[in-house]
Amino acid sequence: MSELLVVPALLAYGEAAFAYAGELRGPGLAGRLATWGVRLGWVAQTALLVGQATSAAGFPWGTWAGSLNLFVWLVVGAYLIWGCKPRYRLLGLAVMPVAAVLLALAWAGGGTGLESGADSGFVLAIHVGLMLAGFASLTLAAGMAALYVWQERRLKRHERRVLRVRVPPLDALDRLAARSILAGLVLLALGIGAGASRFERGDLDAAMIVTSAILALYVALLVLRHEGWRGRRAALLNLAGFGLVAIVLPLTHFAS
Amino acid sequence: MRLTLVGVSHHRAPIELRERVALDSGRAKDLAAELGREAVVLSTCNRTELYLARDDEAEELAVGTLTALAGDRAADLASVLYRLGDDAAALHLFRVAAGLDSLVPGEGEILGQVRSAFEAGSTGPFLDRLFRQALHTGRRVRVETAIAESPASVPAAGAALAQQVFENLDGKSVLLLGAGKMSELTARNLVSRGVHIAAVANRTLDHARELAEAFGARALGLDELTGELETADVVVASTNSRETIVSKADVAAALRARKGRPLLLVDLAVPRDLDPAINELDGCFLYDVDDLEAVVAETMSGRRSEAARAEQLVAAEADRFRDWQASLDVVPTIASLRALVEEIRDSELARAGSRLSENERRNVESVTSQILAKLLHLPTIRMKEAAAAADGVVYADVVKHLFGLEEGERRA
């Protein structure tokens with residue numbers, strides 16, 4: 001029965017995604033409805049994950065769809081840290097449509113059911129959890145970068161409505177994106193560390209190589225930012241990195 | 001209790017007349033005390049209004065007071081005075097507190113002025129409730145709509161744009177080019193948001209020194225800008241120069257040392273002081289007067305659309321106040337009813353007193369008190385609810401008739 005919790009979660013995320021679009025017309029009811037949509041959806045999804053965890057014999061999110069389910073929960077959870085503040089609400093416009101679509105995919109792929117997962121062991125569960133949390137952090141950073149590029153463009157073009165829509169200040173977006181990347185890198189490094197404890201010679205595969213490449217790319221981004229590559233250039237590099245994460249990583253991890 | 005408002009405002013009275021009846025906070029407090037309970041005097045640069053809550057001759061008293069203040073302009077005052085009562089007066093005060101009656105819709109200063117007037121007033125339960133609800137309405141409008149968020153002038157727009165670029169303006173460094181009035185206004189707006197004016201550059205160094213001293217900044221000549229462009233976060237330019245003072249190449253050279261820190265440039269001068277091509281540089285945001293005026297025009301139209309939403313909130317609050325005020329009409333009936341039942345209870349207890357022990361008497365008193373409280377609870381609530389409706393008085397009359405509460409009818 002608790003697998004049906006995906007329905008209210010999906011409805012609430014969908015409602016939030018639409019309501020955030022209303023926030024573009026100016027702050028008001030739409031923003032508050034969106035915020036409550038995110039909160040209620042996240043509570044429903046949390047209950048769903050608890051149901052999955054308690055009913056599964058092993059790690060319930062080992063499949064691509066299950067991973068996606070957990071990934072969405074982590075992304076929305078990380079978003080909730082800032083996203084409910086009025087000034088940061090519009091970040092939801094970058095995050096919630098993606099979250100709603102990914103949760104729908106996870107549902108369609110059977111990642112929200114209560115069937116027992118494979119008994120994959122504690123270390124693998126920690127590895128997958130940390131890796132997904134790391135990628136969730138990178139997703140959030142990409143959301144901030146997208147918002148940065150959009151707002152920077154509006155400021156550069158002297159849009160008349162530039163003060164009508166509440167958007168986080170540019171340097172706040174730049175700083176928070178960098179922090180999210182740093183948090184993501186720490187989580188990824190810990191996840192890789194956990195996975196490496198089970199590593200054996202000959203285990204090296206495309207997924208590991210791509211993950212390491214992504215790690216290196218984001219480290220380079222942080223180093224360049226430290227050297228003065230801030231603002232637009234950092235945001236574009238961040239989005240390019242996320243493109244790699246979003247396209248290549250699922251192929252290398254789940255294509256087989 | 002009737003609410004009376006008499007006042008003058010910027011809508012109809014010119015400044016020559018408004019300044020005659022304007023009062024500072026001390027004189028407003030004294031006048032409220034002179035007018036007796038309950039009176040509040042709201043006096044700002046745009047209005048002087050007297051709010052009185054009493055049953056007799058309030059309007060005559062208020063008009064007389066304002067006429068006396070106007071002195072030899074009393075005849076002019078008569079044609080611009082407005083007089084409002086009860087619902088209309090309450091709605092007016094709520095609109096004033098929300099900033100909807102101000103020159104710039106949604107301006108924030110008026111809410112503090114209403115609060116000060118309330119605190120200095122000679123208030124009782126009626127005006128206390130009215131002004132508390134007005135302050136609540138003002139806060140609600142500012143929280144639930146975006147009416148107060150947009151700048152209403154070019155300098156304020158420059159400052160608001162800085163807040164779109166920088167997370168926190170505290171300690172951000174500003175370079176002023178030119179020591180004119182526009183520079184000063186924009187600088188003051190920015191300083192009120194926490195920035196630090198680092199330097200004032202001007203062709204005439206003496207003028208630069210004058211303004212720099214006012215802000216605790218350094219004074220520079222216009223040929224000493226290179227280092228300043230590397231450290232400043234905001235540049236405000238408004239010189240009288242006929243030529244460009246800062247070129248794209250100047251800023252590009254400074255960007256290398258800035259390590260990607262954004263730079264906001266506000267050019268208030270005509271002809272422009274800053275090369276428009278600066279806006280093409282990464283991390284530089286250049287706004288000239290036309291850009292800022294377009295932003296202000298847009299936000300003013302935004303204020304007007306938010307004002308429509310604010311009017312709805314104000315109307316809802318005014319309805320709430322009207323309901324409360326109407327409930328006051330049935331309060332005497334409720335009080336009489338409660339007095340009657342208490343009287344009956346006391347007399348019956350007195351009659352039974354000799355037959356009861358002290359302990360029994362206490363128990364009977366407690367039980368009868370609870371019975372009466374429970375019996376009267378629902379009728380009291382219903383009567384207050386009905387008071388808000390058109391037939392509220394009928395309910396009160398029926399209760400008076402049924403329980404014999406009319407004057408002379410009371411009997412034990």
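Student: How many helices and strands does the secondary structure of chain B come to?
Tutor: This is a predicted model: local features need pLDDT of at least 70, side-chain atom pairs count only at pLDDT 80 or more, and totals for chains, interfaces and linings use all residues. Residues are numbered from 1 along each chain as its sequence is written, with chains lettered from A and ligands numbered from 1 in the order in which they are written. Helices (H or I, at least four residues) and strands (E, at least two) are DSSP runs, numbered from the N terminus. Chain B comes to 15 helices and 10 strands.

Student: Which element of chain B gives the most to the side that touches chain A?
Tutor: The contact (C-beta atoms, placed from the backbone, within 7 Å) takes 24 residues from chain B and 21 residues from chain A. On the chain B side, α8 (154-165), β10 (284-288) and α13 (289-352) give two or more residues. The most, six residues, comes from α13(B).

Student: Which residues have the most contacts inside the largest nonpolar core?
Tutor: A nonpolar core is a set of buried Ala, Val, Leu, Ile, Met, Phe, Trp, Tyr and Cys residues joined through C-beta atoms within 7 Å. Buried means 20 or more other C-beta atoms within 10 Å of the residue's own, placed from the backbone. The largest such core has 131 residues, and the most contacts inside it belong to Val75(A) and Val174(B).

Student: Which helix gives the most to this core?
Tutor: The helix lies in chain A and spans residues 122-156. With 17 residues in the core, the answer is α5 of chain A.

How values were computed:
Two residues are in contact if their C-beta atoms, placed from the backbone, lie within 7 Å. A residue is buried if 20 or more other C-beta atoms lie within 10 Å of its own, exposed if 12 or fewer, and partly exposed in between; C-beta atoms are placed from the backbone.
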